[in-house]
Structure formats: C-alpha cells, structure tokens
Amino acid sequence: MEEKPFASILNGAVPGEPVKKDENSRRGNWGNQIEFVLTSVGYAVGLGNVWRFPYLCYRNGGGAFMLPYFIMLVFCGIPLFFLELSFGQFASLGCLGVWRISPMFKGVGYGMMVVSTYIGIYYNVVICIAFYYFFMSMTNLLPWTYCNNPWNTPDCSGVVGQDGTLNTSLANTTSLVTEVVNRTKRTSPSEEYWKYYVLNISDDIGNFGEVHLPILGCLAISWVVVFLCLFRGVKSSGKVVYFTATFPYVVLTILFIRGITLDGAINGIKYYLTPQWEKVLDAKVWGDAASQIFYSLGCAWGGLITMASYNKFHNNCFRDSIIISITNCATSVYAGFVIFSILGFMAHHLNVPVSEVADHGPGLAFVAYPEALTLLPISPLWSLLFFFMLILLGLGTQFCLLETLVTAIVDEIGTDWIIRHKTIITLSVAIVGFLLGIPLTTRAGIYWLLLMDNYAASFSLVIISCIMCVCVMYVYGHRKYFKDVEMMLGFPPPLFFKICWRFISPTIIAFILVFTVIQYKPITYNDYIYPGWSLAIGFAMALSSVICIPIYAIYKVVRSPGATFRERLKNACRADPNWGPALKEHRTGRYAAMTSEDAVEDCPLKEREELKEELKEEQKERKDDISLTIQGSNGSTTTHNNPNPSA
C-alpha cells in the first residue's frame, strides 16, 4: 500500500529510470517531472528578475525591501502558485477547459488568453533586441564603446578614451570636475547607440516611420526558435528547457565571479543590500513587494495552469509549487548581486553615486549594463554572455506563453484532427505573433512596447486572479476543492494554504489592486509624455482582457436553462458534468459514474455517507431540471435538452 503514493510522487523523475508511457495518451504528458519543474522555472524566471527586482530593491530600502518581499512570497506567491498548478493538473486542461468547474466564469480563461497574447507579442520583441545585441557583440570592439560613430551627437561623452584607457575627464576625482560632470547633460555612447541606432527612435508614438530591417530579421529568428522548440508541444520544449532553464544560472555565476573582483563592486552591493528600515513602514514598499511577487511568478497569465495540465494526475504539485516559487525569488536576489557589482564598478570609475548609473527596464539591460561591459577586459566576451543569458531568460517565458495559447485552442476544439495536427496550430500562432510584432520594430516601436508592458498586463491580472480565487473557493466551494486536491495528491492541502486561499491571498490581491490604482501615473519614456489618445489605447488593452469576464458570464446565464434569473444563474455556476479528472481510472469517489445507491455500499464507511448525501443532492437537482422541462415561465411546455451547453 505504501509503494503506490511513493511512486506517484516520483512520477518518473528518477534519474536513469526509463521514460514511462504517457498516462494521458491522447493529450500527452511531460517526459518526466524534471522537465515540468525546469519549464515552470523558465516561465517564472524571466527578464523582470534581471531588470525589475534589483531596481525595486534599491528604490524601496535596499535590504529592508527583502522583509515585505518574502512575507508576500509566503502569504500570496506560493499559495497562488499552488492553486493554479493544482487547478490545471486536476482537470488536465488548459486555461479555458478548466472552467468546467463553473462555466459562467469561463471568461476568466479568455481573459488569460488575451493577456498572454499581448505579453507574447511584445516579449518576443525584447528577445529579438537581445538577439541583435548578441550578434553585434561578435566583434573585437563593441560598437557602443566610443563616440566617433555617425549616429553620435556632440553631447556624447564616453567612459573609455580613444586610446582605450579610462576617459580622464570623467575619472578625475577633484570636486571641480565632479561638479561639472554632474551639471552637464552627459549622454553615453551606449545610450546613443540604443536610442539613435538600434531604435532610431521617432519623436512621437504616432510617427511610426520605417521598419528597422535588422530588428525585423531578429524578430523572425526569435519566432523561428520558439516554434522549433515547441513544434511537438511539451515533448520538444521539455527537452529544450534542460538547457534554456539552467544555462542562465551558469552565466549569472560567471558574471557574478567577475563582478565581485572589480574595483568598487563592494560599494554597489552595499547600496543594493543596506537596509533603510524606516521604509518598511511605507505602504508603497509593501505594495511594490506584493506586485513584484505577483507578476514575477506569472500568476493569472494562464501559463501555470497550462504547464500543470500536462502533469500526471498524482504528481505532487504542492512540492513543485514551493520549489519553483522559492527558486524564482532566489534568482531575483542573486541577479541583484550580479547587476549591482557591475554598477558599483561603473560608479567607481565615473566617480558618481550608484543611484546615478542604476536604472530599470530596458534602460538597465540595453544602456547601463552594456556601457559597464565596455570597461571590462575582453568586453565582447562578457557582452556575448550577458545577452545570451537575456535571450535564454526570455525564451523560457515565451515558450509557456505560446503553449498557453495553443493548448487553449486545441483543448477547446478538442477534435482528433486538431490534436494530431497541433503543430499547425503552433505554426499559425507563431506567424500571427510575428506579424503583430512588426509595428514594434518601427521607429515608434519602443513607445508601443512600453505601453503594452505597462497596461496590457497590469491591474487586469490582479482582477483575473481575484475572480479565480473567489470562483474556486466560494462559487465551486472550498470543501469540494480541498477534497479534489486530496484525491489527487493523497493528502489534503495544509491548513495554512486553506486559510490563504480563502482569506489571506484574496485580501492581498485586493490590496495590490487598490495600490495599483492609487499609485497610477501616466506613462512616460525619458522626457517624452504619452498623448491622451495613446493612454486611451493602453486602458482599452487592459480592459479587453477583463471585459471578457462579464460578457461571457451574461452570455452563459442567458443560455442556461431556468424559468427565473436565479435558476439560470444557479445552472450557469454549477460545475459541468464533465468537470473532474480527465481519465476514467482517476474518476473515483463522487466523480465515479454511479447509477444506484447499491454502488455506494462498496465504498468505505466515511466516504459512503458523503456519497449518499451527494447522490441525494444530484437527484434533487435532476428533479428540479425535470420540473423546468415540464413547465416554463409562461406555463407552456418548454424543452431544455441541453442543461449545460458548451460554449
């Protein structure tokens, strides 16, 4: 009796053990559990770990920021991660199919698809820019080292002089020169390379200009790479992640060892870690910590549900959720050491505070860090490593975004033909994603990329996640869901997670939503202020995912049987008869097809009583449905032969 749960927990993850046959032969499973963990780590660990977390950390009190960050991880991040993994694994369905749990809320799944579509479009553009920098680093001299290029302006002032030594005008430590440097508007060669050569940026978001062909070519390459890694679904991507999910840690370690040996590195790390405890009392710090945990783990994107849906039914996703969540957050902290050791070195040479060379977002990845790389011996080598790391971090997330869309489409249509020809769907989604990304390769592309990044996946994710918690815990019922998890894992969710799912996590999610609204400021890019019409488009993108929820709910209530609105609402919220484990052998207990009370007698005593009560409820519901069929609201005979129409 003890061997079965032990084997189910390992689920094929023993090194050297032969790959087991797919449990779900029609849909497929991961080759082994290591592939799922690595894929989920690659999904959660992305570009934001490198350019957003370190920035938030030093902006919000350095080491003091770690306290609210880890508190939010424990009370919000890990519980939500476990909820989504268990949700997808139990039903073996993607972000649309799982809403058989309560069909009225299927709009949440469509909202997740919309969010993943937006992110997938602009995320691959960021990857393609990393590809571009990677190719440009294949040279003896990095092109953003000096100010003697055709695209440079008179304001350009390089860190490295033309003779290869440090620019003395910037390295001089006298107070007079420092004052001049701080007073003068200096633009670095890396900033001008980014702005005037790579982007060739226009003066307005509406002024698209021409497409930058090298960037377009890199975009095509990035989409081809994503497709080739996903053309066989999780069977191919599961093998690729052995490299894409692990090699960034090798690069981070190499850069970390190099970084801490540089002059001034210790100052950067001190700036990164020195706690400013007074900031812990600031609500903004807690809001940033909660938001960073929420967004960095990829909650409400649909990817976690999708990846877990390819697990075997009895896989221990509780263990996986803890491992993946902690790995993601530890990576953020580790990346901070790497980034700030280099920025400390740069600040030391420029004789300026670390705060003046630190940046976030694309500015850190494509301006500040490339400039710091020019100061290192054999700088092209370090540049190649850094941008290769960015490419792999981006691809790990992009794989799951594309698989989320493809899986949702395939599960929704569900025919044998589309399952056999899933590769065609993958190719079609990749082509559409490439075409929609072309406007982001124009001269106004960076404006649109930042607009999508700030609005497409902001407060909409918080709303989607909050509604998901409410639906599963309160509409479907927390007792039912706890039993589902126990049937799947062999043990009920720990009490801490039960409390978090029902009370603490939804409260924190609501706090994040309020904080996001209060903290809202219109987006800007450097000195450029976005016009009102572009902000309206941004809000439209944000609302386009949320609006799916009420629209589908209204549609489902209207289509559901019932003489009154209350009856229609009840039927729309009731779990679909097909809800539950995908395979017949796992549909035990209340999911077993029982036609008489005699079948109940074969169950253990405790389960027998529960089944009897559930059978009575089902019989009562059937009687209600029959009475609705006999008499409609107007007293005439009405036929409702589809009590749960699929839509």
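User: Which residues is threonine 39 in contact with, leaving aside its neighbours within four places in sequence?

Analyst: In this predicted model, threonine 39 is in contact with Trp30, Gly238, Val241, Met307 and Cys400, once its neighbours within four places in sequence are left aside.

User: And where does threonine 39 sit, and is it buried or exposed?

Analyst: Threonine 39 has its place in helix H2, which covers residues 33-44, and it counts as buried because its relative accessibility is 3%, under the 20% cut-off.

User: Which residues does the UniProt "binding site" annotation cover?

Analyst: According to the UniProt record, which is an unreviewed entry, the annotation "binding site" covers Gly42, Val45, Ser296, Asn328 and Leu393. These residues are spread over 352 residues of sequence, and yet they cluster in space, with a largest C-alpha distance of 12.4 Å.

User: Take valine 45 from that set; where is it found, and what is it in contact with?

Analyst: Valine 45 is found in the loop between H2 and helix H3 (47-51), and, leaving aside neighbours within four places in sequence, it is in contact with Tyr249, Asn328, Thr331, Leu393 and Thr397. Valine 45 has a relative accessible area of 4%, so it is buried.

User: What about leucine 393: where is its place, and is it buried or exposed?

Analyst: Leucine 393 has its place in helix H18, residues 379-413, and it is buried, because its relative accessible area is 7%. Not counting residues up to four places away in sequence, leucine 393 touches Gly42, Val45, Gly46, Leu47, Val50 and Pro248.

User: Switching to aromatics, how many aromatic pairs are there?

Analyst: The count comes to 64 aromatic pairs. One of them joins tryptophan 151 and tyrosine 197, whose ring centres are 4.4 Å apart and whose planes stand at 35°, so the pair is tilted. Tryptophan 151 lies in the loop between H6 and helix H7 (168-171), whereas tyrosine 197 lies in helix H9 (residues 189-198), so this pair ties together parts that are 46 residues apart in sequence.

User: Is each of those two buried or partly exposed?

Analyst: Tryptophan 151 is buried, with a relative accessible area of 17%, whereas tyrosine 197 is partly exposed, at 33%.

User: And what geometry do phenylalanine 247 and phenylalanine 388 have?

Analyst: Their ring centres are 5.5 Å apart and their planes are at 65°, so that pair is edge-to-face. Phenylalanine 247 lies in helix H12 (residues 247-260) and phenylalanine 388 in helix H18, so the pair ties together parts that are 141 residues apart in sequence. Phenylalanine 247 counts as partly exposed at 23% relative accessibility, and phenylalanine 388 is partly exposed with a relative accessible area of 23%.

User: Where does the charged end of arginine 27 sit?

Analyst: The charged end of arginine 27 sits over the ring of tyrosine 310, at 4.3 Å from the ring centre.

User: Now helix H25: what span should its residues give, and what is the distance between its end C-alpha atoms?

Analyst: Helix H25 (residues 548-559) has twelve residues, which at 1.5 Å a residue should span 16 Å, and its end C-alpha atoms are 16 Å apart, so the two agree.

User: Which of its residues are buried, and where are they around the axis?

Analyst: Cys548, Ile549, Tyr552, Ala553, Lys556 and Val557 are buried in H25. They cover an arc of only 150° around the axis, which puts them on the same side of H25. An α-helix has 3.6 residues a turn, so residues three or four places apart point the same way. On the other side of H25, Ile551, Ile554 and Val558 are exposed.

User: What covers the buried residues of H25?

Analyst: The cover includes H6, helix H22 (459-489), helix H24 (532-546) and helix H26 (565-573). Glycine 111 is buried, with a relative accessible area of 0%. Glycine 111 and leucine 543 are 432 residues apart in sequence, with a C-alpha to C-alpha distance of 9.4 Å.

User: Zooming out, how many helices and strands are there in the protein?

Analyst: The protein has 27 helices and two strands, and buried residues make up 55% of its 647 residues. Among contacts with a separation of 6 or more, residues 24 or more positions apart account for 80%.

Technical notes: Residues numbered from 1 in each chain as written. Predicted model: local features only at pLDDT ≥ 70, side-chain atom pairs only at ≥ 80, totals over all residues. Heavy atoms only, no water. Helix = DSSP H or I, 4+ residues; strand = E, 2+ residues; numbered from the N terminus. Buried < 20%, exposed > 50% of the residue type's maximum accessible area, 1.4 Å probe, protein only. Contact = heavy atoms within 4.5 Å. UniProt positions renumbered as here; feature names shortened; annotations may be inferred. Phe/Tyr/Trp six-rings, centres within 6.5 Å; stacked < 30°, edge-to-face > 60°. Lys NZ or Arg CZ within 6 Å of the ring centre and 35° of its normal. Expected span 1.5 Å × (residues − 1). Arc of directions from axis to C-beta.
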